[in-house]
Amino acid sequence: MSRKMKNKVITNLFIERIASEGKCLGHHEEKVVFVTGVAPGDVVDVRITKGKSSFMEGEPVKFHEYSKERIDPFCSHFGTCGGCKWQHINYDLQKTYKRQQVVDQFQRIAKVELPEVWPTLGSEKTKYYRNKLDFTFSNKKWLTLDQIRSEEEFDRNALGFHIPKMFDKIIDVDHCYLQGSISNDVRNDLRAFALENKLSFYDIRNQVGLLRNLIIRTTSTDQSMVIVQFGENDPEGIQKVMQFLNGKFPEITSLLYVINTKGNETFHDLELVTYAGQDFIEEEMEGLKFRIGPKSFYQTNSEQAYELYKVARDFADLKGDEVVYDLYTGTGTIANFVAKKAKQVIGIEYVEAAIEDAKLNSQINGLDNTLFYAGDMKDMLNDEFIANHAAPDLIITDPPRAGMDEKVVQMLLRLNAPKIVYVSCNPATQARDVALFGEKYKVEKVQPVDMFPQTYHVENVVLLTLKS
């Protein structure tokens, strides 16, 4: 983009519709202009921040008209935090555009014949729907322009979320509407305790500080797990923090901590200490119990995960005599969920610890018709594996955002399973993979599912059937 365009203000831009990644778009002199923080129907002045020959990006500097689809955001941190980019858009419209996102991706990328894409299956809860949140301690609290210009002295310790695109700046969160139960109380009370006792908050640039990270997990069964991540091995400080949490919140059923002096916050390779309670919590779904450890993955919207899995099971339409392959099985949630309606379920997952969880969950639920294997999907699903196991009547696949490796797709094409149920958190990579399946499979059903209200993210379930 030429220097002349940067910081130029386009006046009275009509915002036409929602685009990708939560942005909206309008047109100016035959160019698309992507704008943050607006809603379809707004008329705004936009300051251009970047762009190319065919498009520009910008931010609103003045509103002339507000859209009738716009609603008042309910969170005081909206617009700064970045976690809930669509709080200003009514929920029905959110669902409409999530469906449209799926349609657009499949038409643009998959280019296969589509049935009618069903309306987005909405979440009954649009607030307090998450069962897991990660909060970061920092001695570099984000300050607003007004605070900076005031030249006042502010306490720079914070406990909250990263500011988008700023790894070392944390917004100090007062109340978060994403997670209910004890989440806000634990975060706020721990922050107050740390400030009162002059405990050090983490300095991410210099890699020093006692308090580094706080993870809170909850379940629909009223269990809770709190994990405190310490950046220094300070036994006295650690004991002080953990003793406070245990005394203040006796309802925490799993209280753990980990000492992490690495350059990042991941702790999958570190030992966790159980300070009080058990080292796991349990979720329930249709009478099935799923044990969740501190390193376990579980869908972060428990109630909507149930709806998602029901869609996958309905698409599968199992009769009881089928062999099912569940690829990217994680902790075996889908595998165990469909096992009672199948002859056998074989799950494959890269993370070995997740596979141990999957086996344990089968054992807890008395399921003896599941097999689980750990390994890289493109290496595991080979001719030897196929020769040693029954051929699949159904394949369920739920890959990460990057989608499936092409080698995996080619193997599935060779397997010729009558049906594939493809669950995805990224319709773009799903559409790419479906295009590859197009030589043998047709798209039978498409169901978007909203797991994350107030955001632009959407899950999508597709049923593929072999062409006759």
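I took helices (H or I, at least four residues) and strands (E, at least two) as DSSP runs, numbered from the N terminus. The model is predicted: I required pLDDT of at least 70 for local features and 80 or more for side-chain atom pairs, while totals for chains, interfaces and linings use all residues. Residues are numbered from 1 along each chain as its sequence is written, and side-chain values use heavy atoms, with hydrogens and water left out.

Entry: Asp398. I located Asp398 in the loop between strand S19 (394-397) and helix H10 (406-415). I found Asp398 buried (under 20% relative accessible area; exposed is over 50%, partly exposed in between; 1.4 Å probe, protein chains only). Asp398 has no salt bridge (a side-chain nitrogen of Lys or Arg within 4 Å of a carboxyl oxygen of Asp or Glu). The nearest side chain of opposite charge, Arg401, is 10 Å away (Lys and Arg count as positive, Asp and Glu as negative; His and the chain ends are not counted). Leaving out residues up to four places away in sequence, I noted contacts of Asp398 including Gln299, Tyr328 and Ser424 (heavy atoms within 4.5 Å).

Entry: helix H4. I listed the buried residues of H4 as Gly237, Ile238, Val241, Met242, Phe244 and Leu245. Seen down the axis, they fall within an arc of 155°, so they line one face of the helix (the arc is that of the directions from the helix axis to the C-beta atoms). On the other side of H4, I found Pro235, Glu236, Gln243 and Gly247 exposed. The cover over the buried residues of H4 includes helix H3 (183-196) and strand S10 (211-218).
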